[in-house]
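Subject: Structure for your review

Dear colleague,

Please find the structure below, together with its sequence. My notes on it follow.

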Amino acid sequence: MNLRERDQEIGRKIKQYRKGKMTQQELAEKISKTESSIRKYEKGLVTIPLDVLEKIASTLEVTPFDLMGFEYWDQKHADEVKVAAMEVSFDSYLESLGFSVEPKVIEWEYENPNETDPAEKVQNPKKWEYILSKDGKEAIFTQVQFTELKEKAREAAKEAIDARFYKMVLEQQK
């Protein structure tokens with residue numbers, strides 16, 4: 001789905017949730033926008049800023065996820081998505097070198113420690129360790145050590161690429 005189609009789909013959902021509840025003018029007033037803006041949103045003519053989409057969702061008593069699907073999470077947590085992509089990329093790089101990487105949670109924490117309903121208690125990983133294996137041997141890295149390994153690998157790769165690049169530049173200038 002391209003950007004235009006995505007905007008049109010979001011607009012269709014806004015209209016669907018708005019119809020029967022309020023007019024475009026009423027929605028516009030509640031989110032401090034113009035009726036013209038609401039028309040453009042519903043037709044998918046513009047990309048709606050995330051903060052505006054959140055206001056629309058709240059006003060329509062739905063979630064931003066109802067309007068955008070999984071893309072809402074990706075946009076809302078863009079930094080985390082980038083970090084996750086880098087994690088996967090680094091793990092893939094290590095695997096291309098013959099290593100296997102096994103992340104392991106070693107400590108958990110409750111999302112809301114004051115929650116009393118056992119069904120609502122959600123645990124999130126707090127501390128990790130990483131087990132690297134190759135040629136029948138393994139090494140266990142703490143989260144800090146594994147992060148340092150990634151940073152050193154990036155620095156070394158950048159230095160190697162810069163050196164090769166500038167060497168080629170000099171050779172081709174002759």
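Where is the place of Asp-135? Asp-135 is found in the loop between strand 2 and strand 3; helices (H or I, at least four residues) and strands (E, at least two) are DSSP runs, numbered from the N terminus. I return to this residue below.

This is a predicted model, in which local features need pLDDT of at least 70 and side-chain atom pairs count only at pLDDT 80 or more, whereas totals for chains, interfaces and linings use all residues. Residues are numbered from 1 along each chain as its sequence is written, and side-chain values use heavy atoms, with hydrogens and water left out.

Nonpolar cores

The largest nonpolar core holds 19 residues. Such a core is a set of buried Ala, Val, Leu, Ile, Met, Phe, Trp, Tyr and Cys residues joined through side-chain atoms within 4.5 Å. Buried means under 20% relative accessible area, exposed over 50%, and partly exposed in between (1.4 Å probe, protein chains only). The members that touch the most other members are Ile-14, Leu-27, Ile-48, Leu-53, Ile-56, Leu-60 and Leu-67. Two or more residues of this core come from each of helix 1 (3-18), helix 2 (24-30), helix 3 (35-43), helix 4 (50-59) and helix 5 (64-68). Helix 4 gives the most, with five residues.

Leu-27 illustrates the packing. Leaving aside neighbours within four places in sequence, Leu-27 is in contact (heavy atoms within 4.5 Å) with Ile-14, Arg-18, Met-22, Ile-38, Ile-56, Thr-59 and Leu-60. There is also a second, separate core of six residues, among them Leu-94, Val-101, Tyr-130 and Phe-146.

Three strands form an open sheet in the order 1-2-3, with antiparallel pairing; two strands pair if DSSP finds at least two bridges between them. Strand 1 (100-110) and strand 3 (137-142) stand at the edges and have a single partner strand each, so one side of each is left without a neighbour in the sheet. On average, neighbouring strands are turned by 25 degrees against each other, direction ignored. Axes here are lines fitted to C-alpha atoms, for helices over the stretch in contact, and angles run from 0 to 180 degrees between N-to-C directions.

Strand 1 pairs with strand 2 (residues 123-134) in the antiparallel sense over 10 bridges. Within strand 2, Trp-128 is the bridge partner of Val-105, and Asn-124 stands opposite Glu-109. Helix 8 (residues 143-173) packs on the sheet and touches strand 1, strand 2 and strand 3. The direction of helix 8 makes about 100 degrees with that of strand 3.

The pairing of strand 2 with strand 3 is likewise antiparallel, over six bridges. Thr-142 in strand 3 stands opposite Glu-129. Not counting residues up to four places away in sequence, Thr-142 touches Trp-128 and Tyr-130. At 41% relative accessibility, Thr-142 counts as partly exposed. Thr-142 and Asp-79 are 63 residues apart in sequence and 23 Å apart in space, C-alpha to C-alpha.

Ala-139 is also found in strand 3, and its 33% relative accessibility makes it partly exposed. Neighbours within four places in sequence aside, Ala-139 is in contact with Tyr-130, Ile-131 and Leu-132. Between the C-alpha atoms of Ala-139 and Gly-20 there are 62 Å in space, and the two are 119 residues apart in sequence.

Two residues with positive phi

Most residues other than glycine have a negative phi. Strand 2 and strand 3 form a hairpin with two residues between them, and Asp-135 in the turn has a positive phi of about 55 degrees. Asp-135 is exposed, with a relative accessible area of 69%. Ser-32, in the loop between helix 2 and helix 3, has a positive phi near 60 degrees. Ser-32 is exposed, at a relative accessible area of 65%.

The largest pocket

About 170 Å³ of space lies in the largest pocket. On a 1 Å grid over the protein atoms alone, a pocket is an open set of points where a 1.4 Å probe fits, with protein on both sides within 12 Å along at least five of seven lines; lining residues have an atom within 4 Å of a point. Grid points are joined across faces, edges and corners, and the volume is the space filled by probe spheres set on the points. The lining consists of Met-86, Ser-89, Phe-90, Tyr-93, Lys-150, Ala-153, Arg-154 and Ala-157. Helix 7 (78-96) and helix 8 each supply at least two residues of this lining.

With kind regards
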